[in-house]
Amino acid sequence: MDTVLVPYDGSTMARGALEFACETFDDAELVVLYVVNTSITFEPETYVGVKLGEIYEKREKEGEKHLDEAVEIADGYDRSITTVLDHGEPSKVILKQIEERDVDHVVMGSHSQGTIERFFLGSVSERVVERAPASVSVIRE
């Protein structure tokens with residue numbers, strides 16, 4: 001296994017996915033991806049009256065913080081990682097990164113949404129599993 005992509009959002013599931021990747025793929029290059037969700041509908045109530053540029057700037061700072069945390073986690077496993085901060089709709093960005101980086105495997109957490117939530121919102125991990133040109137491991141709690 002050459003390249004393993006780990007989408008990382010700072011959640012417990014994402015942490016579990018990164019820890020799994022560090023333990024399981026010890027000879028692979030680990031690429032940890034944070035996606036700045038640029039969907040206007042993402043938490044709109046939080047940003048009423050705020051300019052889009054300010055929203056994305058805040059999300060980028062959150063992303064940088066999460067990626068720093070990912071580096072610390074990997075350090076605990078004596079692993080170095082490549083961190084990437086990208087922008088867009090999470091599932092589309094993950095699929096784009098798989099193609100661009102010639103990823104062999106994806107390890108991602110699942111937020112275990114209920115059936116109704118998944119029906120209306122969709123699941124990022126579900127979309128990636130369905131469309132990824134690489135194998136995918138989904139880590140649950």
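Helices (H or I, at least four residues) and strands (E, at least two) are DSSP runs, numbered from the N terminus.

## Basis

The model is predicted: local features need pLDDT of at least 70, side-chain atom pairs count only at pLDDT 80 or more, and totals for chains, interfaces and linings use all residues. Residues are numbered from 1 along each chain as its sequence is written, and side-chain values use heavy atoms, with hydrogens and water left out.

## The sheet

Five strands form an open sheet with parallel pairing. Their order is β3-β2-β1-β4-β5. Strands β3 (81-88) and β5 (135-139) stand at the edges. Each has a single partner strand, so one side of each lacks a neighbour in the sheet. From one strand to the next, the twist averages 25°. Axes here are lines fitted to C-alpha atoms, for helices over the stretch in contact, and angles run from 0 to 180 degrees between N-to-C directions.

Two strands count as paired if DSSP finds at least two bridges between them. Strand β4 (residues 105-109) runs parallel to β5, and 5 bridges join them. V106 has V136 in β5 as its bridge partner.

## Q97 in helix α3

Q97 belongs to helix α3 (residues 90-100). This residue is buried, at 4% relative accessible area. Buried means under 20%, exposed over 50%, and partly exposed in between (1.4 Å probe, protein chains only).

The side chains of Q97 and D86 make a polar contact of 2.8 Å. Such a contact is a pair of N or O atoms within 3.5 Å; within protein, one must be able to donate a hydrogen and the other to accept it, and residues adjacent in sequence count only if both atoms are side-chain atoms. Leaving aside residues up to four places away in sequence, Q97 touches L5, L33, V84, D86, D102 and V103. Contact means heavy atoms within 4.5 Å.

## Helix α1

Helix α1 (residues 12-24) has 13 residues and should span 18 Å at 1.5 Å a residue. The expected span is 1.5 Å times one less than the number of residues. The end C-alpha atoms are 18 Å apart, which agrees.

Its buried residues are M13, A14, A17, L18, A21 and C22. An α-helix has 3.6 residues a turn, so residues three or four places apart point the same way.

## Two positive phi angles

Most residues other than glycine have a negative phi. D78 is not a glycine, yet its phi is positive, about 55°. D78 sits in the loop between α2 (52-76) and β3. It is exposed, at 72% relative accessibility.

D102 also is not a glycine and has a positive phi of about 55°. The loop between α3 and β4 holds D102. D102 is exposed at 60% relative accessible area, and is one of the residues that Q97 touches.
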